[in-house]
Amino acid sequence: MHYITILFEKMYERTKGSILEAESTIRLRGYSPQSWAPSEFQDLKLPVNAIAYAICPTSRDTYFYSVKDMEAEQTWERYTGRVIDAMYRIIHNACKDYADSNGARDFDIYSHLLEQADDLVDQALRKHQSVLRKLDPKPAEADVTTFAQDLKKIVIFEALITAAWMNFELARQRDTNPGHIYQEYFDFNMDLGLTASHQGFKSPATPDFIYRHKVIGDIKSGDWHQSLEYTVVAYALAYEEHTRLDMDFGVILHVELPSSRRVPGHYNTNLIYLDDDKRIRFLALRNRKLEIVASGNDPGIPADKDECDPGCPFLSFCWGD
Ligand code: SF4
């Protein structure tokens, strides 16, 4: 996640701040009634993820979740996604605790995280071990072991990035405090609960993080789809309705597990300007989904199974295998 700090600073430097500080052209804000759900749907509230998930060609997932009250099947992909989310939160908190409680003289966050790496991975795995136990079919032992090794590579990668940035700043500033540097450059708020009932979102809407009050973010793993960006559009609208403050940028921290390399892949992770076109497309999707729930009609399956996401948790319901 601390990769976002580097990304942000690089973009700031490359554009001399112009992209991040230019006057916004966005008009469709979460606090303005033009973005609100149509009044006939005002009593309907759906989780942000249920609305923003746009991979089903017919939006049948929404029908299952919100009309039939069905639970999505737990899958290995969903389990690993949850653990990865937890892993980043645990690493961030461990870094913050260390930076807040150690002075510049002996500051060595890299060694500290390396010593803690196995324990941090265990913490993340323990959080969702009940989900792992329920998976059917059970994952192969080798996959479980490889996943734990990949999590450790994530810890080491985050440790390297954090240490490099902290050490650079400590070398640059004579009188400074590591806790202050950490707060300035790794300012991730990961405890947001937003209320955005006009948007038709169930409360609380919980983005994975907000970086420096400027970028709203979500952590995703698994296959990349451009439509994942809907998630941060939704959270930006929720943030704007909740706070009445503008949110112009989003980021999906897309994590491809390292497996054959030493670092995770973040190839699809970029700062995204959440312009009106993206907002209009998302609002059309939201209204379509609210309409499915209001009517209670099953939108059915697409003509071909190939149109479905192989990671969809409803594959067996829709296609019977
Ligand atoms: S299996 Fe296909 S049709 Fe069914 S919910 Fe998933 S993506 Fe939609």
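Where domain 1 and domain 2 meet, 17 residues of domain 1 are in contact with 18 residues of domain 2. On the domain 1 side of this meeting, helix H1 (3-14) and strand E3 (215-221) each supply at least two residues. H1 gives the most to that side, with three residues. Sorted by class, the side of domain 1 that touches domain 2 holds ten nonpolar, four polar and three charged residues.

The model is predicted. Its chain is divided into domain 1, made of residues 3-70 and 189-295, and domain 2, made of residues 76-187. Taken over C-alpha atoms, the centres of domain 1 and domain 2 are separated by 24 Å.

Two helix pairs come next. Helix H5 covers residues 76-101 and helix H6 covers residues 109-127; their axes lie 9 Å apart and the helices pack at an angle of about 145 degrees. The crossing in which H5 passes H6 is right-handed. From H5, the contact takes in Val-83, Ala-86, Met-87, Ile-90, Ile-91, Ala-94, Cys-95, Tyr-98 and Ala-99, and from H6 it takes in Ile-109, His-112, Leu-113, Gln-116, Leu-120, Gln-123, Ala-124, Leu-125 and Lys-127. The residues in this contact of H5 with H6 divide into 14 nonpolar, three polar and one charged.

The second pair is helix H8 (residues 141-172) with helix H9 (residues 178-185), whose axes come within 10 Å and cross at roughly 125 degrees. Because of that angle, H8 counts as oblique to H9. H8 passes H9 in a crossing that is right-handed. On the H8 side the residues that meet H9 are Trp-165, Met-166, Glu-169 and Leu-170, and on the H9 side they are Pro-178, Ile-181, Tyr-182 and Tyr-185. This contact of H8 with H9 has seven nonpolar residues, one charged residue and no polar residues.

The last stop is the ligand. Around the ligand stand Cys-56, Thr-58, Arg-60 and Asp-61, together with Ile-301, Pro-302, Cys-308, Asp-309, Cys-312, Phe-314, Leu-315 and Cys-318. Helix H4 (60-67) and helix H12 (315-319) are the elements that give two or more residues to this shell. By class, the residues of the shell around the ligand are eight nonpolar, one polar and three charged.

Key
Residues are numbered from 1 along each chain as its sequence is written. This is a predicted model: local features need pLDDT of at least 70, side-chain atom pairs count only at pLDDT 80 or more; totals for chains, interfaces and linings use all residues. A residue is near a molecule or strand if its C-beta atom, placed from the backbone, lies within 6 Å of it. Helices (H or I, at least four residues) and strands (E, at least two) are DSSP runs, numbered from the N terminus. Ala, Val, Leu, Ile, Met, Phe, Trp, Tyr, Cys and Pro count as nonpolar, Asp, Glu, Lys and Arg as charged, and the others, Gly among them, as polar. Axes are lines fitted to C-alpha atoms, for helices over the stretch in contact, and angles run from 0 to 180 degrees between N-to-C directions. Angles under 35 degrees count as roughly parallel, over 145 as roughly antiparallel, 65 to 115 as roughly perpendicular and the rest as oblique. A crossing is left-handed if the near helix is turned anticlockwise from the far one by less than a right angle, and right-handed if clockwise. Two residues are in contact if their C-beta atoms, placed from the backbone, lie within 7 Å. Domain bounds come from an automatic or database domain assignment.
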